[in-house]
Amino acid sequence: MRQFALVSTLLTTLAMGSHAAADAGQFYLAPGLQWMDFSSATGLDNDMGYFIGLGYDLTDRIGFELSTFDLDPDTNTGTGGDFDIDHYKLDVLYYFNDNRVQPFVVGGMGNTNFNGENDTVFDLGAGLKVDLADNLVWRTTLRSFNHLNRDFEDTDYGIDSSLIFYFGGNERPQRQTASTPTPTSTPTPAAPRDSDRDGVPDSSDECPDTPMNYAVDEDGCPIPVEEMARVELLVNFDFDRAVVKPEYFDEIEEVADFMEQYPDVIVELEGHTDSIGTNEYNMGLGQRRANAVRDLLIEEFDVQSSRISAVSYGEEQPVASNDTAAGRADNRRTITMIIKTLQRYRAR
């Protein structure tokens, strides 16, 4: 039963082992020809007949296909033409890449009817698939067939070749090949690097390590959905300074602990100043203060940088009067807003 074990292993591996994301699930029809080289034990000559499959590409690497072929081989004893073979099977296909030319392996099982007698059959094979045009593919497969009632002592071999017509879903993408001419006058620039694959190039990404399940804005940072809590950190600063004093570390650590407990939230740090100085200078000072708390969360408490944003409001949102020294001291502060983020599945 060695072949049965191989088929079972292949089906399990292909169905569970790949995590490539699909462009979009698509059905296809695969009409073609089937040639068979029967084992000498069957007493049948080689024969060719029609092949037709109905398949579904679950992803760009995994597909499922239900197929059938019909043969009428002669016997090699010369009696000739009295065998009718109807074959049905379900296969799993695994493609090794998503280029225009795709090598693949296939395995499956089905039923063969030999002149009214049914037998379970297992097949293993490999082949090549080539994109010809939008929604049109050519495929050829070499397979081995083993039958349950023969105790796997004899093996038949077959080659099927078919044209695949995709329908429904999205149009299959055109893939570039090495042989495709590239205009020398207008070379296509290389795609900008996007390390975290959030759709924002690294050169513009202000949150370069955003988790894959977060939706992001034009700066590559997670999009807030709802405010959960506003926490006064009591991080006050000396005049014209943006250095966090050690006395505030415990409160900042509490925010870090909260974020560790709830990994689906992010925080937005707000930096504020008193009214002394120009508005432009105070906006910059408020930003430095918010960044100082952000850097502490990242460097001292190991919070993921993409989960923390920092923004300055300068002198625009005082909490006390700027007419007194005490009021101005209260306004030199950083607070944090803890917010949820919109989550989504991002394709490969």
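Helices, like strands, are DSSP runs, a helix being H or I over at least four residues, and they are numbered from the N terminus. With that in hand, let's walk through this predicted model.

Start at helix 3, which covers residues 279-301. From its first C-alpha to its last, this 23-residue helix reaches 32 Å, close to the 33 Å expected at 1.5 Å a residue. Several of its residues are buried, among them L285, R289, A292 and L296. Here is a handy idea: an α-helix has 3.6 residues a turn, so residues three or four places apart point the same way. Now step just past the end of helix 3, where D302 has a positive phi of about 60°.

Next, look at the strands. Strands of a sheet pair through backbone hydrogen bonds, either parallel or antiparallel. In this model, eight strands form a closed barrel in the order 1-2-3-4-5-6-7-8, and their pairing is antiparallel. On average, neighbouring strands of this sheet are turned by 25° against each other, direction ignored.

Finally, the structure has one disulfide. It connects C207 with C221, with an S to S distance of 2.1 Å. Both cysteines lie in the loop between strand 8 (155-167) and strand 9 (224-236), 14 residues apart. The disulfide is right-handed because the torsion about the S-S bond is about 85°. Are these cysteines buried or exposed? Buried means under 20% relative accessible area, and C207 is buried at 3%, while C221 counts as buried at 10%.

Key. Residues numbered from 1 in each chain as written. Predicted model: local features only at pLDDT ≥ 70, side-chain atom pairs only at ≥ 80, totals over all residues. Heavy atoms only, no water. Helix = DSSP H or I, 4+ residues; strand = E, 2+ residues; numbered from the N terminus. Expected span 1.5 Å × (residues − 1). Buried < 20%, exposed > 50% of the residue type's maximum accessible area, 1.4 Å probe, protein only. Disulfide = S-S within 2.5 Å. Pairing = 2+ DSSP bridges. Axes fitted to C-alpha atoms, helices over the stretch in contact; angles between N-to-C directions.
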